[in-house]
Amino acid sequence: EDGGGGGGLELCSYYEEYEKKGAEAVLPPGVYTLDDLKTFGQGKNWCPYFLARHMISYANVIVYNYQYMLDPKVSALVSRELERECVVVFDEAHNIDNVCIEALSVNLRQQTLDNATRGINRLRTKIDEAKQTDAQRLADEYNRLVRGLAQQGAIPQGQEWLSNPALPQDILQEAVPGNIRRAEHFMAFLRRFVEHLKVRLNVQQFESENPTSFLDKLKDATQIDAKSLRFCYDRLQSLMKTLEIVDMDDYYGLQLVADFGTLVGTYARGFAIIIEPYDERLPSVPDPVIQLSCLDSSLAVRPVFDKFQSVVITSGTLSPIDLYPKILNFHPVVIQSLNMSLSRDCICPVILTKGSDQMPVSSAFEMRNDP
């Protein structure tokens, strides 16, 4: 609805009411499920999502998905206010290495790149409109970029934006390169990058290479260097804030491309670029994909160990228990394995290997999204 005074801009009444209350928007003490939060939000006319975000700083116990702690795009937004003295418990952590790898991996398909191209065209149109109606906004942004994004705090973290996909200690703290400071130059930069990815996607057989090799081919073909790519995410974020973009879903493909560029430009080790022409389960159906695959699960969990003084990793199936300190690259203070005892005889389990359609049935992490 139109919240008034917004020049016709569509506003969310729940968020506006929550914003008016500011620090006074708090939950009474208690334990809240998602439904409880929605009910409370409807009663107060407050946004339950931002209320929950706000209450993280006051809560004694917070239960949420691994990604809120391990994925740098999300953790910097949601978990950054947590104190060093907090005790972090990863329960059911037998798949924690897979979650860490997934948090720093990006997949690009033809549909993603087509969406990114449409996003570039939309942004180019909005840039042209801004030049005609409010050119000073773009000029101010350019001046901020000259001084340096991170140093000047030119991009305050917005409520709706994910954070940089790179780990906090690896984000460059300097001015954006001159070749992508102007909005129109950055659009040309992204277009060249997306077109190069489309060319690389057109393969007939499996390819694998390290980030250094990928960047060498990219520079030979497009003159795009690693340093410019490292700023890809922050530069896109700055531009979309300057243009006041609100329909973020229309730019999902472009944001994935920016994530891919930032990560491949930042990390020379611990990653691989894998290009597959089809899914191995359906080799007759062309479905090419470029995967920036993280090979080192310790990269994502390292900031957690660095920030918090007490981290507990536990699971009923954490076996072999000595393997996890090695793959996550940490030195545990205590390792304890507890024997399981049952008070009564249990029903013997039935193990299914195939479903009624004779397709394999598995609880493997990498197959969890299969129908």
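I took buried to mean under 20% relative accessible area, exposed over 50%, and partly exposed in between, with a 1.4 Å probe and protein chains only. I am working on a predicted model, so local features need pLDDT of at least 70 and side-chain atom pairs count only at pLDDT 80 or more, while totals for chains, interfaces and linings use all residues. Residues are numbered from 1 along each chain as its sequence is written, and side-chain values use heavy atoms, with hydrogens and water left out.

**Entry 1: Ile-275**

I looked up Ile-275 first. Its relative accessibility is 0%, so I list Ile-275 as buried. I find Ile-275 in strand β4, residues 271–278; strands (E, at least two residues) and helices (H or I, at least four) are DSSP runs, numbered from the N terminus. For contacts I used heavy atoms within 4.5 Å. With neighbours within four places in sequence left aside, Ile-275 touches Arg-200, Leu-201, Val-203, Gln-205, Phe-206, Glu-207, Val-289 and Ile-290. I also checked Asn-107, which is 168 residues from Ile-275 along the chain; their C-alpha atoms are 9.7 Å apart.

**Entry 2: the sheet**

I count two strands as paired if DSSP finds at least two bridges between them. In what order do the four strands of the open sheet stand? I read the order as β2-β5-β4-β3, with antiparallel pairing. The edges are β2 (106–109) and β3 (207–209); each has a single partner strand, so one side of each has no neighbour in the sheet. On average, neighbouring strands are turned by 15° against each other, direction ignored. For such angles, axes are lines fitted to C-alpha atoms, for helices over the stretch in contact, and angles run from 0 to 180 degrees between N-to-C directions.

Between β3 and β4, which run antiparallel, I find three bridges. Glu-207 is the residue opposite Ile-275 of β4. Helix α7 (residues 110–133) packs on the sheet and touches β2 and β5 (286–294); the direction of α7 makes about 80° with that of β2.

**Entry 3: salt bridges**

My criterion was a side-chain nitrogen of Lys or Arg within 4 Å of a carboxyl oxygen of Asp or Glu. How many salt bridges does a search of the whole structure find? The search gives 12. I looked at three of them.

- Lys-20 and Glu-17 form a salt bridge at 3.4 Å, N to O. Both sit in helix α1 (residues 13–21), three residues apart, about one turn of the helix. Lys-20 is exposed at 65% relative accessibility, and Glu-17 is partly exposed at 28%.
- Lys-198 and Asp-114 form a salt bridge, with the closest N and O atoms 3.7 Å apart. This pair links distant parts of the chain, with Lys-198 in helix α10 (residues 183–201) and Asp-114 in helix α7, 84 residues apart. Lys-198 is buried at 18% relative accessible area, whereas Asp-114 is partly exposed at 29%.
- Glu-209 and Arg-200 form a salt bridge, with the closest N and O atoms 2.6 Å apart. I note both residues as buried. Salt bridges with shared partners join Arg-200, Glu-207, Glu-209 and Lys-217 into one network.

**Entry 4: a surface patch**

Last, I looked at a nonpolar surface patch of about 250 Å², made by Val-87, Val-89 and Val-312. Patch residues have over 30% relative accessible area and no salt bridge; like charges are joined within 9 Å, and nonpolar side chains (Val, Leu, Ile, Met, Phe, Trp, Tyr) within 5 Å. Accessible areas come from the Shrake-Rupley method with a 1.4 Å probe, and for residues only the protein chains shown count as cover. Val-87 is in strand β1, residues 87–90. I list Val-87 as exposed because its relative accessible area is 56%.
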